[in-house]
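Student: I would like to understand how the words used for a structure follow from its values. Could we go through some of them together, setting each value beside its definition?

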Amino acid sequence: MVKVGIIGVGTVGTSVAQILKDNADVISARAGTEIVVKSGVVKNLSKERGLDIALSTNVDDILDDPEIDIVVELMGGVEEAFEVVKKALKNGKAVVTANKALLAYHRYELAELAQDIAFEYEASVAGGIPIINALRDGLSANHIESIVGIMNGTCNYMMTKMTNEGVSYDAILKEAQELGYAEADPSFDVGGFDAAHKLLILASIAYGIDAKPEDILIEGIENVTKDDIAFAKEFGYAIKLLGIAKKDANEVELRVHASLISQKEMIAKIDGVMNGISVVGDKVGETLYYGPGAGGDATASAVVANIIDIARSGKSTPMLGFDRPMEGKKLTLKAVENITSKYYLRINVSDRAGVLAKITKIFEDNNISVETMLQRPALTGSANLLISTHIAVEKDIQNMIKEIEALEFVNFKPVMIRIV
Ligand code: HSE
């Protein structure tokens, strides 16, 4: 029999205990042994959870319990959780976590500490979609060329509702929070940080890149307005918050931002709270993974899969997918300023003679070529210029935006969305 202790018995933790009970028949058959939750740690003992497991408020009741084989960390946060899982490993216990923030900062230290002890984290990226398993095992024969994904259910839910139903940003964020999709601090969702944590985890498995959130381009959906959505619709795009990892020779670009993506792409069709990730391998070609990226049961499904795997096999796959670095072929992170993309810009200007000429001159000065242009009247006397560019370099675009913003007839900082 394998015994599990759950640290953080909230929505996901409760689902983990419930799934192990509800599906005990298939789980024990697949694991070759019985798996039971022995105990849990919570902040508030008086809250009713409908579970028949021993609860305490002290993590050491699990970490120091010699009967516990697997510690499931669902407490969230970074440093406190780091201390907890370090102690679990020190005490020889296997660890399963859904904590993407913990991994975004400490995955390499944890891999080093874990060595031959199982440390699994399938639920940390895209909830119920087995993307870690797919990338680490199923696609291990490939050089990974790119990963492009909708990795945050809250943002996808918001963008879908804003596009299809014209619902306002604030109203739809509130709804996503009420539905339990959003992080405790929703700025993690809408600011792109949650997706970035997930992207960094995938980038380690795909490329062996050791980067932290501070090292990569992270933008959210906060500046997307109905004008941008109207432009997107008119030009055949959807707007999605995407996590993108792309290999270019020996460099890998990692970025999270609101993106215009052709409505014809499969990823563009993924709506609502669903997540979807496209992975291109040099041998397999494009593969696509779709499913629920948030919610108690979906996330717990991935946690329990890890528990089953540990119960039946101990440890076989290196935590981050690599047993040793690729000889002479280390990939490095591409500097943000060198990223290349097509861009969309919304520039709000006073509507008078000569404005367009001055703006297009700045485009030319920065070596940026316009692909499409549209002018829409806005509030009295002003107009929105909606412009898409050919491929350009990030530093040129940033410089151009600064120059345009400084023009006296430009009413506020131009809004930029990258086109994927
Ligand atoms: N807040 C996250 C999301 C939950 O909306 O996708 C899953 O990580």
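Tutor: Let us begin with a cut-off: a polar contact is a pair of N or O atoms within 3.5 Å. Please keep in mind throughout that this is a predicted model.

Student: Which residues are around the ligand?

Tutor: Among them are Lys-100, Asn-152, Gly-153, Asp-189, Asp-194, Lys-198 and Gly-293, together with Thr-154, Tyr-181 and Glu-183.

Student: How many aromatic pairs does a search of the whole structure find, and why is the pair of Tyr-157 and Tyr-181 called edge-to-face?

Tutor: The search finds four aromatic pairs. For Tyr-157 and Tyr-181 the ring centres are 5.3 Å apart, which is within the 6.5 Å limit for a pair, and the planes stand at 70 degrees, which is over 60, so the pair is edge-to-face. Tyr-157 belongs to helix 7 (residues 153-165) and Tyr-181 to the loop between helix 8 (169-178) and helix 9 (187-190), so the pair ties together parts that are 24 residues apart in sequence. A separate entry is the aromatic cluster formed by Phe-231, Phe-235 and Tyr-344.

Student: Is Tyr-157 buried or exposed, and how do you know?

Tutor: Its relative accessibility is 10%, and because buried means under 20%, Tyr-157 counts as buried.

Student: What makes Arg-418 a buried residue, and which side chain does the side chain of Arg-418 make a polar contact with?

Tutor: Arg-418, found in strand 18 (residues 415-419), has a relative accessible area of 0%, which is under 20%, and therefore Arg-418 is buried. The side chain of Arg-418 makes a polar contact with the side chain of Glu-219 at 3.0 Å. Leaving aside neighbours within four places in sequence, Arg-418 is also in contact with residues including Arg-255, His-257, Tyr-343 and Glu-394.

Conventions. Residues are numbered from 1 along each chain as its sequence is written. This is a predicted model: local features need pLDDT of at least 70, side-chain atom pairs count only at pLDDT 80 or more; totals for chains, interfaces and linings use all residues. Side-chain values use heavy atoms; hydrogens and water are left out. Helices (H or I, at least four residues) and strands (E, at least two) are DSSP runs, numbered from the N terminus. Buried means under 20% relative accessible area, exposed over 50%, partly exposed in between (1.4 Å probe, protein chains only). A polar contact is a pair of N or O atoms within 3.5 Å; within protein, one must be able to donate a hydrogen and the other to accept it, and residues adjacent in sequence count only if both atoms are side-chain atoms. Contact means heavy atoms within 4.5 Å. A residue is near a molecule or strand if one of its heavy atoms lies within 4 Å of it. Rings of Phe, Tyr and Trp (its six-membered ring) pair if their centres lie within 6.5 Å; planes under 30 degrees apart count as stacked, over 60 as edge-to-face and the rest as tilted.
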